[in-house]
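The tour below moves from one selection to the next.

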Amino acid sequence: MAILYALVARGAVVLSEYSATSTTANAIARQILDKIPGTNDTSASYSQDRYIFHVKRTDGLTVLCMADETAGRRIPFAFLEEIHQRFVRTYGRAVLSAQAYAMNEEFSRVLSQQMEYFSNDPNADRMNRIKGEMSQVRNVMIENIDKVLERGDRLELLVDKTATMQGNTLRFRRQARRYRNTAWWKNVKLIILLVILLLVIAYIVTAFVCHGPTLPSCVK
């Protein structure tokens, strides 16, 4: 099974969780929740042994899962996106004030079902390729969770660096597009000048052959 553990939390308050196997995932997940800095929307991944913890925070609601490192990133983040949408659709504004594990009895079954679906059903990956729902997963860099917890300081979320790289890419594309447009206009102007020059040369030759600028011997 690719996805082995999942939770939904508001800040550090876990509202629902489910584990498909006996691991220390819940303890590590809580350490991650405590150390994610700020309140901005973010997506990140952290390694722990042969497992990867994937995190997605949107509008104050955090969805986290632990998956085998062989699962890659697209499927786990597709799972997180689906869980976030289902949770918000089901509970709405109640998530803003709910107590710990208030939704666990009902929603843990949803976590279990979706973990099974995204882990084993090939349609899960195919559907997300077609729909393009995971465009937000852009080269999320992985930092070893052991090193982060040993330091005892904030988790260095590298999504900001990714966003900066994407901004630089967009600026490069705009500059390249402007350069192509400028080069195209220069080519057009050069062609127009060449056409005019050829017309002038043709007129001069014709005037010479026809004995004057009004072409007296050629126009009757």
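**Stop 1**

Select β1 and β5: they run antiparallel and are joined by 7 bridges. Strands pair here if DSSP finds at least two bridges between them. Helices (H or I, at least four residues) and strands (E, at least two) are DSSP runs, numbered from the N terminus. This is a predicted model, so local features need pLDDT of at least 70 and side-chain atom pairs count only at pLDDT 80 or more, while totals for chains, interfaces and linings use all residues. Residues are numbered from 1 along each chain as its sequence is written, and side-chain values use heavy atoms, with hydrogens and water left out.

Within this pair, find Tyr 5, which stands opposite Met 66 in β5. Now colour β1 by burial. Of its 8 residues, 7 are buried, so the strand is largely enclosed by the rest of the structure. Buried means under 20% relative accessible area, exposed over 50%, and partly exposed in between (1.4 Å probe, protein chains only).

β1 and β2 pair in the antiparallel sense over 6 bridges. Arg 10 stands opposite Val 13. The hairpin has 2 residues between the strands, and Gly 11 takes a positive phi near 65°.

**Stop 2: strand β4**

Select residues 51–58. How many residues of β4 are buried? The count is 8 of the 8, so β4 is largely enclosed by the rest of the structure. Show side chains. Tyr 51, Phe 53, Val 55 and Arg 57 point one way. Ile 52, His 54, Lys 56 and Thr 58 point the other way.

Ser 43 stands opposite Lys 56. The β3–β4 hairpin has 2 residues between its strands, and Asp 49 in the turn has a positive phi of about 60°.

Then bring back β5 (residues 61–68). β4 and β5 pair in the antiparallel sense over 8 bridges. Thr 58 stands opposite Leu 61. This hairpin has 2 residues between its strands, with Asp 59 in the turn at a positive phi of about 55°.

Zoom in on Lys 56, in β4. Lys 56 is buried, with a relative accessible area of 8%. Its side chain makes a polar contact with the side chain of Thr 58 (2.6 Å). A polar contact is a pair of N or O atoms within 3.5 Å; within protein, one must be able to donate a hydrogen and the other to accept it, and residues adjacent in sequence count only if both atoms are side-chain atoms.

**Stop 3: the nonpolar core**

Select Phe 79, Phe 87, Met 103 and Phe 107. Of the 25 residues in the largest nonpolar core, these touch the most other members. β1, β5, α2 (74–91) and α3 (104–120) each supply at least two residues of this core. The largest share, 7 residues, comes from α2. A nonpolar core is a set of buried Ala, Val, Leu, Ile, Met, Phe, Trp, Tyr and Cys residues joined through side-chain atoms within 4.5 Å.

**Last stop: the whole chain**

Zoom out. The protein chain has 6 helices and 6 strands. Along the sequence the pattern reads β-β-α-β-β-β-α-α-α-β-α-α. Buried residues make up 38% of the 220 residues in the chain.
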